[in-house]
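Subject: Structure handover

Hi,

Here is the structure I promised to pass on. Please open it first, then read my notes below.

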Amino acid sequence: QERIERAIAQAESATSGEIYCVYERKLSGDDANPLLWASLLALLLAPFIAGAELLAFTPWSAAHATGATAYDWQLLSHYVLIQGVCFFAALAIVSLPVVRQALTPRAVKRARAHRAALQHFHARGLHQTRDRTGVLIFVVEQDRQIEIIADTGIHTKTAPEAWGEATEVLAAGLKRGQAAEGFEAAIGLCGKLLAVHFPRRLDDTNELPNRIVVIE
């Protein structure tokens, strides 16, 4: 945290822009629904298991030996049992956090990371800077998502893709297990971009704390 605070202070020394960082371990909600997946798997697996078992262990003459009606009821009850076992087994597996995470579509992860980033942007007051030059660097560890959100004052002078390099170096640092270095590099690049379009004013004040917020 101290290294990132120093990086923010250094980046802001040449610009009137404000940089703020949030590192969130995981986001709640929107994970794969265990009941939905368990139901789907039970519907798909049960017919195959029942059919394979029928072919492997039941002679074709069984219906004639026991009577068609009795055999049909026996087969139906057995199928229901198989489907029930499939459902509860799938429910137990899909309820595991790591499995739910793996089954959650990437588009859902991106959407919820963007939504969370916007919430932090407003909650931390980045939209209230004098020249609307707040920049949020937001990371969701579990979903491996990075969002860099710049306020409206910056959008008028920079293109969205201008922040791509900062995103790439941060992602590379996180992938190497060097989060602090990734943030330092990304903050430095954001600071340089801000300095080009929003150099530091003579009467500039630090409107936001130079810090990273870590949410467990």
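Buried means under 20% relative accessible area, exposed over 50%, and partly exposed in between. By that scale Glu141 is partly exposed, because its relative accessible area is 38%. Keep in mind that this is a predicted model.

**Salt bridges**

The structure has 9 salt bridges. Here are some of them.

Glu141 pairs with Arg25, and the closest N and O atoms are 2.7 Å apart. Glu141 sits in the loop between S2 and S3, while Arg25 sits in the loop between S1 and helix H2 (34–57). The pair links distant parts of the chain, 116 residues apart. Arg25 is partly exposed, at 30% relative accessible area.

Asp131 forms a salt bridge with Arg201, with 3.0 Å between the closest N and O atoms. Asp131 is in the loop between H6 and S2 and Arg201 in the loop between H9 and S4, so this pair ties together parts 70 residues apart in sequence. Asp131 is partly exposed at 24%. Arg201 is partly exposed too, at 38%.

Arg132 and Asp151 meet through their side chains at 2.7 Å, N to O. Arg132 lies in the loop between H6 and S2, and Asp151 in the loop between S3 and helix H7 (152–155), so parts 19 residues apart in sequence are tied together. Arg132 is partly exposed at 33%, whereas Asp151 is buried at 3%. Shared partners also join Arg25, Glu141 and Glu216 into one salt-bridge network.

**Helix H6**

H6 covers residues 106–123, 18 residues in total. From first C-alpha to last it reaches 26 Å, close to the 26 Å expected. Its buried residues include Ala113, Ala116, Ala117 and Phe121. What do the buried residues of H6 pack against? They meet helix H5 (97–103) and strands S1 (18–24), S2 (134–140), S3 (145–150) and S4 (212–215). Gly125 follows H6 and has a positive phi, near 80 degrees.

Lys109 is in H6. Is Lys109 buried or exposed? Lys109 is buried, because its relative accessible area is 13%. Beyond its neighbours within four places in sequence, Lys109 contacts Gln101, Thr104, Asp143 and Gln145.

**H1 and H9**

Helix H1 (residues 2–12) packs against helix H9 (residues 179–197) at about 10 degrees, with axes 9 Å apart. That angle makes H1 roughly parallel to H9. Among the residues in contact are Ile4 and Ile8 of H1 and Phe183 and Ile187 of H9. By class, the contact has 7 nonpolar, 1 polar and 3 charged residues.

Best wishes

Note on methods: Residues are numbered from 1 along each chain as its sequence is written. Side-chain values use heavy atoms; hydrogens and water are left out. Helices (H or I, at least four residues) and strands (E, at least two) are DSSP runs, numbered from the N terminus. The expected span of a helix is 1.5 Å times one less than its number of residues. Buried means under 20% relative accessible area, exposed over 50%, partly exposed in between (1.4 Å probe, protein chains only). Contact means heavy atoms within 4.5 Å. Axes are lines fitted to C-alpha atoms, for helices over the stretch in contact, and angles run from 0 to 180 degrees between N-to-C directions. Angles under 35 degrees count as roughly parallel, over 145 as roughly antiparallel, 65 to 115 as roughly perpendicular and the rest as oblique. Ala, Val, Leu, Ile, Met, Phe, Trp, Tyr, Cys and Pro count as nonpolar, Asp, Glu, Lys and Arg as charged, and the others, Gly among them, as polar. A salt bridge is a side-chain nitrogen of Lys or Arg within 4 Å of a carboxyl oxygen of Asp or Glu.
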